[in-house]
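Here is a short briefing on the model shown below. Points are grouped by topic.

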Amino acid sequence: MKILDSVYPDEKITDVKDNGFLQLRAKEQPTWCPGCGYFGIHDAFLKACVKLKLKNEEICSVSGIGCSGRFPVHLNVYGFHTLHGRSIPVACGVKLASPGLTVFAIAGDGDSFGIGAGHLPHAARRNVDITFILFDNSIYGLTKGQSSPLTPYAQQTNSHKSGNPDMPLNPVKIMLAYETTFVARGFAGDPEGLVSMIEKAVQHKGFSFIHVISPCVEFDKINYTWKRLKDTFTYVEDENYNPQDKLAAMAIAESQPNKLGVIYHNPDRYAYTGTLQFMKE
Ligand SMILES: Cc1ncc(C[n+]2csc(CCOP(=O)(O)OP(=O)(O)O)c2C)c(N)n1
Ligand code: SF4
Ligand SMILES: [Mg+2]
């Protein structure tokens, strides 16, 4: 097997070694294209797990299909690379069978809001205690650039050469409507911001959703490009913002796509365990 050269500079390798990230990542380098936003999410994920002091055997990541689907393959923790759109039900099953595990469901925008869209409302309304990370590059990456349910209207793609005729869905608005108890939005170009979101999402007892905006450098040269996205984001935490105010969260979802941070948090609902918890008290 050909051993790939390190893509990291020396100081980064030292940082990675000193902080224990190497124990959590797989030996092989990720196979994503150089410049793909998914490297930033991978980095943030490892850092968050280290900060949360999670051991390898305490973590399970479950993905669907797509470039994002490779995520568990690049980690040295329990993992499933499942079928298109099926990371959510498998992750829910893992959590219910092994409540001691910290479970992550990973899915691309096509995976989550195309074929997998039927699973999301039920995991969210049940408040299953898993963290769902949406890898949103607004395109079908692995299958070479077709329009996804999150591709902007009129954007030229490999499946719609004259422009996408369909309106995109708004993932944060949808997840709020599904009664998700933790909703955040992050940017792959700001792994430090993502680390804090992942930490908070894991600490939340219930279904957590993190919408990560992530450039596909290969098949989207128009919408989510590093050049276009750079410097456009601000964090809700920088303002006087109350994440427990659902109407304020809805307003952000509706009109402020460049606002990042924990947009909504309801810590008061029981997490689903398969039993009626209020009857136990
Ligand atoms: C049932 C089924 N339908 C279609 C496919 C083909 N397919 C594989 S990946 C993919 C698109 C993935 O796009 P997305 O979820 O956005 O992930 P990305 O590659 O962008 O990370 C499709 C349509 C499949 N593998 N299984
Ligand atoms: S095709 Fe796009 S999403 Fe897939 S690895 Fe390459 S840059 Fe990333
Ligand atoms: Mg995609």
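Predicted model: local features only at pLDDT ≥ 70, side-chain atom pairs only at ≥ 80, totals over all residues.

Residues are numbered from 1 along each chain as its sequence is written, while chains are lettered from A and ligands numbered from 1 in the order in which they are written.

- Eight strands make an open sheet with mixed pairing, in the order S2-S1-S3-S4-S6-S5-S8-S7.
- Strand S2 (78-81) and S7 are the edge strands, each pairing on one side only.
- Helices (H or I, at least four residues) and strands (E, at least two) are DSSP runs, numbered from the N terminus.
- Two strands pair if DSSP finds at least two bridges between them.

- Six of the six residues of strand S5 (residues 182-187) are buried, so the strand is largely enclosed by the rest of the structure.
- Buried means 20 or more other C-beta atoms within 10 Å of the residue's own; exposed means 12 or fewer, and partly exposed lies in between, with C-beta atoms placed from the backbone.
- In a regular strand, side chains alternate between the two faces of the sheet.
- Phe182, Ala184 and Gly186 point one way from S5; Val183, Arg185 and Phe187 point the other way.
- S5 and strand S6 (residues 208-213) run parallel and are joined by six bridges.
- Across to S6, Val183 has Phe209 as its bridge partner, and Phe187 has Ile213.
- From S5 the chain crosses through helix H8 (residues 191-203) to S6, a right-handed β-α-β crossover.
- Right-handed means that, with the strands pointing away from the viewer, the path from the first strand over the helix to the second runs clockwise.
- S5 and strand S8 (residues 259-265) run antiparallel, with four bridges.
- Phe182 stands opposite His265 in S8, and Arg185 opposite Gly261.

**Strands S8 and S7**
- Six of the seven residues of S8 are buried, so to speak of cover, S8 is mostly covered.
- Strand S7 (residues 234-235) runs parallel to S8, with two bridges.
- Tyr235 has Leu260 in S8 as its bridge partner.

**Helix H4**
- Ser87, Ile88, Ala91, Cys92, Val94 and Lys95 are the buried residues of helix H4 (residues 87-97).
- Down the axis of H4 they fall within an arc of 160°, so they line one face of the helix.
- The arc is that of the directions from the helix axis to the C-beta atoms.
- These residues pack against strand S1 (59-63), strand S3 (102-108), helix H6 (120-126) and strand S4 (131-136).
- Contact requires C-beta atoms, placed from the backbone, within 7 Å.

How values were computed: Contact = placed C-beta atoms within 7 Å.
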